[in-house]
Amino acid sequence: MIWLVFIFSALVVFLSGMRLSRYGEAIAANTKLGGLWVGSILLAGATSLPEVTASISSGVLNLPDLALGNVFGSNIFNIIIITVMDLVNGKAVILAHASPGHILSASFGMLLSSAAAVFILLKLRLAVFGIGLDAMTLALIYIAGLRLISRYEQRPVEQRLQYLADGVVATAPEEKKETMSLSRAVTGFAIAATLIVISGFALSYSAGQIAEITGLGTTFVGSIMISLVTSLPELVSCITAVHIGAIDLAVGNVLGSNIFNIFTIVLADVAYRKGPILSAGTQIHAVTALFGLILSGIVIIGLSYRSRRNYAGIGVDSILIGGIYLLFAYILFQNQGL
């Protein structure tokens, strides 16, 4: 029965994630907000809803390692989605054709993850009204990041980071006429997001039950199994975005979700009543965060260097990302007791 719940919930997430990308593209076109902003903030927030529900539930159940493992594990898996997008695209290296403006989102994600890793190692126990000062600091960095990304997207195209392609400065892509109305797009987006929240609870519960049956530790389960499950919306919406040619929407979703996921630590801290949640987690989560920094660093290099070299249609940066993820999973499995 628990496997049926898991499979059905995953299917709902899969279908809802497909629609989110389409509605997100329509919102970007109707409001002129742009793919980077919609992907990094709106779509990223919606597809991260399963992480939110899983982390808050883990906090309520006094399972800090499950909550933190879900956050940092999801961030790593989200970067893996770039490799999947390369496989699905099969025509050109994804990062070589994405806006350099995503470097801003990737940098803020690295800043948040590194700060969280430091707090885990320091184990600060200072709190105000039961909320850790370390979590509050993460919240402030998150708000500052959203503000900067929004201001960057509002700049004229000529003032944004540009890149050279075949010796010619890239220009803004040709606008496509959007046939879906804004009201329909917003309504559809809200319905799809609601379905993801509901199925996210079911996914987390069923994944936890399956993990208990297998006997794996909560840190490993949170960082690998649950993070993979809760990242399904990002995976599906990014694949859909690539199919419709919205590369900036897809990359923005990945990097924006990583920013939003760190913010869920704040929400989990509010739900966790035994003190600051970052100080309650095991130190292995700092290792997971550091692996995420390595992967994000590769993404920034890919966005900056813009190499088009590929093997069987997969970019060199995507191959490195996949290899490092496998190494991370092996190390985490070997150190479940930490």
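Helix 5 provides the largest share of the lining of the largest cavity, namely five residues. The model examined here is predicted. It holds two cavities of 30 Å³ or more, and the volume of the largest cavity is about 80 Å³. Rolling a probe the size of a water molecule over the atoms shows where empty space is left.

The lining of the largest cavity draws at least two residues from each of four elements: helix 4 (64–89), helix 5 (102–122), helix 10 (247–271) and helix 12 (284–305). Among the lining residues are Asn 75, Ile 79, Ser 105, Ala 106, Gly 109, Met 110 and Ser 113. The lining also includes Leu 255, Asn 258, Gly 292, Leu 293 and Ser 296. Sorted by class, the lining of the largest cavity contains seven polar and five nonpolar residues, and no charged residues.

The chain as a whole has 338 residues, of which 55% are buried. Its secondary structure consists of 13 helices and six strands. Among contacts in the protein chain with a separation of 6 or more, 86% join residues 24 or more positions apart.

Helix 10 has 25 residues, so at 1.5 Å a residue it should span 36 Å; the C-alpha atoms at its ends are 36 Å apart, which agrees. Helix 10 is mostly covered, with 21 of its 25 residues buried. For helix 12, the 22 residues should span 32 Å at 1.5 Å a residue, and the end C-alpha atoms are 32 Å apart, which agrees. Helix 12 is followed by Arg 306, which has a positive phi near 60°.

Arg 273 is located in the loop between helix 10 and helix 11 (277–280). Because its relative accessibility is 52%, Arg 273 counts as exposed, the cut-off for this class being over 50%. A polar atom of the Arg 273 side chain lies 3.0 Å from the backbone oxygen of Val 270. When neighbours within four places in sequence are left aside, Arg 273 is in contact with Asn 62, Phe 129 and Gly 130. Arg 273 and Val 60 are 213 residues apart along the chain, yet their C-alpha atoms are separated by 7.6 Å.

Ser 279 belongs to helix 11. Its relative accessible area is 3%, so Ser 279 is buried; the class requires a value under 20%. Not counting residues up to four places away in sequence, Ser 279 touches Lys 123, Leu 124 and Arg 125. Arg 273 is thus exposed, whereas Ser 279 is buried.

Leu 320 is part of helix 13 (residues 316–334). With a relative accessible area of 45%, Leu 320 is partly exposed, since this value falls between the limits of 20% for buried and 50% for exposed. Leu 320 and Leu 295 are 25 residues apart in sequence, and the distance between them in space is 8.4 Å, C-alpha to C-alpha.

Key
Residues are numbered from 1 along each chain as its sequence is written. This is a predicted model: local features need pLDDT of at least 70, side-chain atom pairs count only at pLDDT 80 or more; totals for chains, interfaces and linings use all residues. Side-chain values use heavy atoms; hydrogens and water are left out. On a 1 Å grid over the protein atoms alone, a cavity is a set of points where a 1.4 Å probe fits but cannot get out, and a pocket is an open set with protein on both sides within 12 Å along at least five of seven lines; lining residues have an atom within 4 Å of a point. Grid points are joined across faces, edges and corners, and a volume is the space filled by probe spheres set on the points. Ala, Val, Leu, Ile, Met, Phe, Trp, Tyr, Cys and Pro count as nonpolar, Asp, Glu, Lys and Arg as charged, and the others, Gly among them, as polar. Buried means under 20% relative accessible area, exposed over 50%, partly exposed in between (1.4 Å probe, protein chains only). Contact means heavy atoms within 4.5 Å. A polar contact is a pair of N or O atoms within 3.5 Å; within protein, one must be able to donate a hydrogen and the other to accept it, and residues adjacent in sequence count only if both atoms are side-chain atoms. The expected span of a helix is 1.5 Å times one less than its number of residues.
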